[in-house]
Amino acid sequence: MGSDGILKNKRRRIRELKNVTKRQRLDPKLFKRLPAEIQKDTSLLKYWRSRYRLFKKYDQGIKLDGESWYSATPEVISRMIAERCKCDLIIDGFCGAGSNSIQFALTSKKVIAIDIDPIKIELARNNAKVYGVSDRIEFIIGDYYALAPTLKADVVFLAPPWGGPKYSQKTTFNIDDIMPNNGGGKHLYELTRQITKNIAFFLPKNIEHKQCISLAGPGNLAEIESNYLNNRLNSKTLYYGDLITTNN
């Protein structure tokens, strides 16, 4: 085995040891009551401990999978975005477990929630029922990139995958680090621009500002809103078109 293989095995053993240590610190009775995905991957425990920040109605039947624990938008932030995006028809292009779609359904007349993963749509349907907004959301299992040319809406909300929690380790997150196999963030914006100029783009806290502003094109504005959670920068939302509320 080469040095690279030895290093990988060492890192794996360290991760396994950390997981065992976390299990030992937990009350065995509590551990058995944890969701299956948390029991399987105890690195998700920190997200579970913040479950009521993700969904205030968590105890009323909210369901998540492993990826959703670290990708769901905290409710206080999704509610704020939903207020700004209030309209007749809004598309949530990457709805995941429904954290944003639910809040959109509380402020807008109709929501189209799209995700390529059938499991995510199943979770989102369940969570929408918990919040009593199922009747205002149309769920679609599909690829947003393929569907976009056929869609129409007043506003489109984009919260594409950022590549997992490791995104925060980068000093600066490049717009084209977003779904690079699909052409990057610039292509995603340009594709969405064919639907509407009113776009809300939910991005990492370390996103490169100039790249985001340049998406708007010459003579057009973009507004960057910093989202804070417990006095810590959590993420940023880029607003375009009529969603902009400032001339600065």
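## Exercises on a predicted fold

C85 has 0% relative accessibility and counts as buried. Buried means under 20% relative accessible area, exposed means over 50%, and partly exposed lies in between (1.4 Å probe, protein chains only). This is a predicted model, with residues numbered from 1 along each chain as its sequence is written, and local features need pLDDT of at least 70. Side-chain values use heavy atoms, without hydrogens and water, side-chain atom pairs count only at pLDDT 80 or more, and totals for chains, interfaces and linings use all residues.

### Exercise 1: Confidence and overall make-up

Find the average pLDDT of the protein chain, and the stretch where pLDDT is below 50.

*Solution.* Step one: pLDDT is the predictor's confidence in each residue, from 0 to 100. The chain averages 90, and 89% of the residues score at least 70. Step two: the pLDDT is below 50 over residues 20-24. Beyond near neighbours in sequence, that stretch has seven contacts in the model (contact: heavy atoms within 4.5 Å). Where pLDDT is low, the predicted coordinates should not be read in detail.

Step three: take the totals. The chain holds twelve helices and seven strands. These elements are DSSP runs, numbered from the N terminus: helices are H or I of at least four residues, strands are E of at least two. Of the 248 residues, 47% are buried. Among contacts with a separation of 6 or more, 61% join residues 24 or more positions apart.

### Exercise 2: Cysteines

How many disulfides does the model have?

*Solution.* Step one: a disulfide is a pair of cysteine sulfur atoms within 2.5 Å. Step two: check C85. Its closest cysteine sulfur, in C87, is 7.3 Å away, which is too far for a bond. Step three: the count is zero disulfides. C212 is another cysteine to inspect: it is buried, at 0% relative accessible area.

### Exercise 3: The nonpolar core

Which residues touch the most other members of the largest nonpolar core?

*Solution.* Step one: a nonpolar core is a set of buried Ala, Val, Leu, Ile, Met, Phe, Trp, Tyr and Cys residues joined through side-chain atoms within 4.5 Å. Step two: the largest one has 74 residues, and F55, W69, C85, I91, Y144, F201 and Y240 touch the most other members. Step three: look around Y240. Its contacts beyond four places in sequence include Y189, F201, C212 and L215. In soluble globular proteins, nonpolar side chains tend to be buried together.

### Exercise 4: Strand β5 and its partners

Is β5 largely enclosed or open, and which strands pair with it?

*Solution.* Step one: six of the six residues of β5 are buried, so the strand is largely enclosed by the rest of the structure. Step two: strands pair if DSSP finds at least two bridges between them. β4 and β5 run parallel, joined by three bridges. F157 stands opposite A200 there. β5 and β7 are antiparallel, with five bridges, and L203 stands opposite K236.

F202 is in β5 and is buried, at 5% relative accessible area. F202 and S235 lie 33 residues apart in sequence, yet their C-alpha atoms are 7.4 Å apart. Beyond four places in sequence, F202 also touches residues including T73, F157, W162 and T237.

Step four: follow β7 to its other partner. β6 (residues 222-229) pairs antiparallel with β7 over eight bridges, with S226 opposite K236. Two residues separate these strands in their hairpin, where N230 takes a positive phi near 55°.
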